[in-house]
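Visitor: I would like to go through some labels used for this model and hear what each one rests on. Could you take them one by one?

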Amino acid sequence: MVDPTLAEMGKNLNEAMKMLEDNQSSLFLRLSFRKEEENEKRYTRKDIPGPLQGSGQDMVSILQLVQNLMHGEEEEESSQAYRLQNVGEQGHMALLGHSLAAYISVLDRERLRKLTTRILSDTTLWLCRLFRYENGSAYYHEDDREGLLKICRLVIHTRYEDYTVEGFNVLYTKQPVIYISSAARMGLGQALCNQLGLPLSCMCRVPCNTMFGSQHQMDVALLDRLIKDDAESGKLPLLLVANAGTPGAGHTDKLGRLKELCEQYNMWLHVEGVNLATLALGYVSSSVLAATKCDSMTLTLGSWLGLPAVPAVTLYRHEDPSLSLAAGLTSSQPVEKLRALPLWLSLQYLGHDGIVERIKHASQLSQRLLENLKNLDFIKTSVEDELSSPVVVFKFFQEYANRDQTLHAAQASTIQHPIISNERHVYDTFNQWLGEQLAQLVPASGVDVVELEDEGTCVRFSPLMTSAVLGTEIQDVDQLVDCLKMKIPVLTSTLQLREEFEQEVKRTVGLLYIEDLSWPGLGVVSYHSDGKNDDKQEKELEKINTELLKKLNELESDLSFSLGPEFGGEKNCIYIGMVTEDLDVSELVETIAATGREIEENSRLLENMTEVVRKGIQEAQLQLQKANEERLLEEGLLRQIPVVGSVLNWFSPFQASPKGRTFNLTAGSLESTESTYVSKAQGTGTTPPPTPTSSLAKQRLPGQKIFKRSLRSSDAFSETSSVSHCDDLEKTDQRPPTLSPGQEQGQLETEKTEQQQEVAQATTTETDTVQSDRSPNDSTKAEEQGSQR
């Protein structure tokens with residue numbers, strides 16, 4: 001018979017999880033409607049905290065509120081939705097454990113004690129057998145650093161017999177020392193000192209190997225010397241924290257040698273790391289197998305098995321239960337022992353075979369990726385054991401012919417060579433871009449970017465930490481390799497063309513090359529002009545570069561032009577992204593320069609024309625005023641009287657030739673309109689200068705985009721194209737494109753019309769000002785002359 005309360009609890013949990021997961025399917029449908037509502041109010045009344053309702057709410061309403069809080073601000077992050085879809089039934093068991101813990105805590109004290117003792121004993125026994133840790137005890141904790149903290153307190157109680165009575169006074173006479181590898185987690189030593197109340201001088205960071213062995217393993221010989229020096233200076237070597245899988249590269253310290261060293265100096269050895277998960281497999285490397293002889297180890301089963309909200313476990317061996325109780329590793333409160341309940345349920349649901357299969361699947365994923373990476377050029381891997389390495393770290397790296405000589409010269413000197421420093425910075429930038437692209441293209445792979453001290457920026461694949469949550473499969477690894485094969489040619493081409501782009505920009509007048517080693521792309525360029533470096537000039541350059549970026553993005557090319565990163569980028573610059581091998585760098589640079597010159601010349605032409613038009617309007621105003629005075633003298637005083645002038649004009653009309661003024665935009669001069677009235681047509685004047693071209697006139701093959709070289713296999717073309725490319729560009733620059741007479745005339749008329757329209761827009765305001773200052777009669781006659789023109 002099943003307890004009705006337990007059955008109802010399981011039913012409610014299943015219904016709640018089903019409701020939350022069913023809403024995930026409609027998540028992406030709501031995204032399209034959400035975009036239409038973005039212009040509405042961002043915050044509604046339901047987002048504002050309110051008072052507690054007196055009548056209460058039902059379970060469906062509360063779950064709906066929880067679902068809204070979970071996805072209200074994260075609907076656009078598909079990765080969060082993907083994680084929730086892979087909780088699985090084993091995750092439901094872990095969640096059920098938390099509900100059961102609350103229910104069991106209300107039992108009577110005797111039943112609660114028996115039940116918690118059974119749960120704790122079963123879970124500890126299963127884990128010790130599963131991970132080959134004999135005669136061990138277990139401490140279950142939420143924070144994965146809390147187990148090491150309790151172990152440190154246990155060792156302090158063990159080594160300082162009077163610590164319970166005198167406290168920190170005994171530590172003052174003989175200062176304890178805790179040794180941590182330099183490859184350990186960031187901030188681990190400081191966190192331990194803060195929680196233990198110890199000064200930072202009690203923490204000793206042990207460097208890794210520099211000459212022999214892995215550069216991510218602790219230097220055992222140096223550690224031996226450090227321990228001897230501390231012991232001779234009156235300090236007490238207390239504890240050593242080793243890694244079975246460093247947080248960055250996943251390498252394992254020499255645990256066997258470290259255990260011998262700890263026994264020699266009566267120190268405690270604690271081991272942590274992702275490689276401890278492989279202890280559950282049938283084949284375990286000797287370096288990881290040595291962890292079974294350590295004094296304590298911390299296991300993070302939640303990430304290894306994809307179990308949500310399960311505690312981490314620290315297995316340890318100690319014979320005095322009173323000291324374990326004093327250190328906080330055991331508790332007399334039965335409720336504290338219920339922390340193991342979610343893990344107890346999940347382990348039973350998975351079984352021994354299910355646990356081993358999950359860990360084995362993660363190891364197979366890493367081996368599959370490592371085998372494929374061996375066949376790729378320009379990819380350098382950093383793994384400890386090629387046969388059984390659960391963590392794969394790789395990066396893009398390209399050898400140069402003269403790199404070895406430069407590196408040898410840099411190592412011979414005491415100062416680091418700038419070329420080597422810049423080269424590493426560039427590779428770090430490119431690998432950062434590669435890792436972000438792979439994570440975006442294949443989110444189920446779980447790859448991320450890691451910073452290593454010696455290798456620099458690398459891409460890390462650690463399926464033991466991500467595959468169970470993301471549901472990574474073999475096809476995801478194959479897709480990751482395919483995406484990597486697509487990105488390698490882009491990386492190599494961009495890296496090879498960066499120097500050529502730099503040289504082309506430096507040779508081109510009007511362009512300034514900006515060295516930005518943190519930009520993953522072809523390079524950074526800025527258009528500049530000679531002149532004073534003042535605020536006005538800077539604003540003008542900003543305007544030109546902004547317009548230049550707009551025109552470059554309007555071109556039909558495969559390149560990406562942008563303003564660079566949001567933070568830390570240079571101002572008034574154009575950032576060019578990744579490119580392919582068929583890029584014509586010289587054409588790209590010439591197009592940027594020609595387009596910038598065109599924008600600058602048009603801007604100057606408009607400014608100069610505006611000034612000329614303004615002066616022409618003032619001159620026309622003076623001439624019109626003078627003409628009005630002459631007309632008054634010719635007509636006489638009687639004709640200016642309203643009634644008398646009309647009668648006199650009717651009897652004796654006054655014939656006067658119209659004297660208008662026209663402004664020649666091409667010549668920039670004010671001319672008379674007499675020739676217009678005589679010929680009954682407005683003269684065209686001189687031919688305007690041609691508009692500067694924005695790019696080179698180059699013949700292209702059908703379907704060939706701009707900035708692309710035509711790759712042909714014929715020997716004649718391939719041998720001569722690269723040599724005569726610069727000569728062709730010079731000839732093309734000197735020789736105008738061939739046009740038919742009709743096309744040439746049409747082009748000139750079109751350019752002239754566009755130029756006149758721009759000037760007319762700029763002078764509209766000035767013309768209105770001149771007309772508003774005239775008398776009514778002058779305005780009427782000026783309008784008649786304007787209509788005649």
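Visitor: Why is aspartate 478 called partly exposed?

Guide: Its relative accessibility is 25%. Buried means under 20% relative accessible area, exposed means over 50%, and partly exposed is what lies in between (1.4 Å probe, protein chains only). At 25%, aspartate 478 therefore counts as partly exposed. This is a predicted model, in which local features need pLDDT of at least 70 and side-chain atom pairs count only at pLDDT 80 or more, while totals for chains, interfaces and linings use all residues. Residues are numbered from 1 along each chain as its sequence is written, and side-chain values use heavy atoms, with hydrogens and water left out.

Visitor: What makes arginine 368 and aspartate 478 a salt bridge?

Guide: The term requires a side-chain nitrogen of Lys or Arg within 4 Å of a carboxyl oxygen of Asp or Glu. For arginine 368 and aspartate 478 the N to O distance is 3.1 Å, so the pair meets the definition. Arginine 368 lies in helix H16 (residues 341-374) and aspartate 478 in helix H20 (residues 474-507), so the contact ties together parts 110 residues apart in sequence. Helices (H or I, at least four residues) and strands (E, at least two) are DSSP runs, numbered from the N terminus. Arginine 368, at 30% relative accessibility, is also partly exposed.

Visitor: How do you know whether glutamate 590 is buried or exposed?

Guide: Its relative accessible area is 18%, so glutamate 590 is buried. Its salt-bridge partner is arginine 597, at 3.4 Å; arginine 597 is partly exposed at 32%.

Visitor: Why are E8 and E10 called edge strands?

Guide: The open, antiparallel sheet runs in the order E8-E9-E11-E10. Strand E8 (379-381) and strand E10 (448-452) each pair on one side only.

Key:
Pairing = 2+ DSSP bridges.
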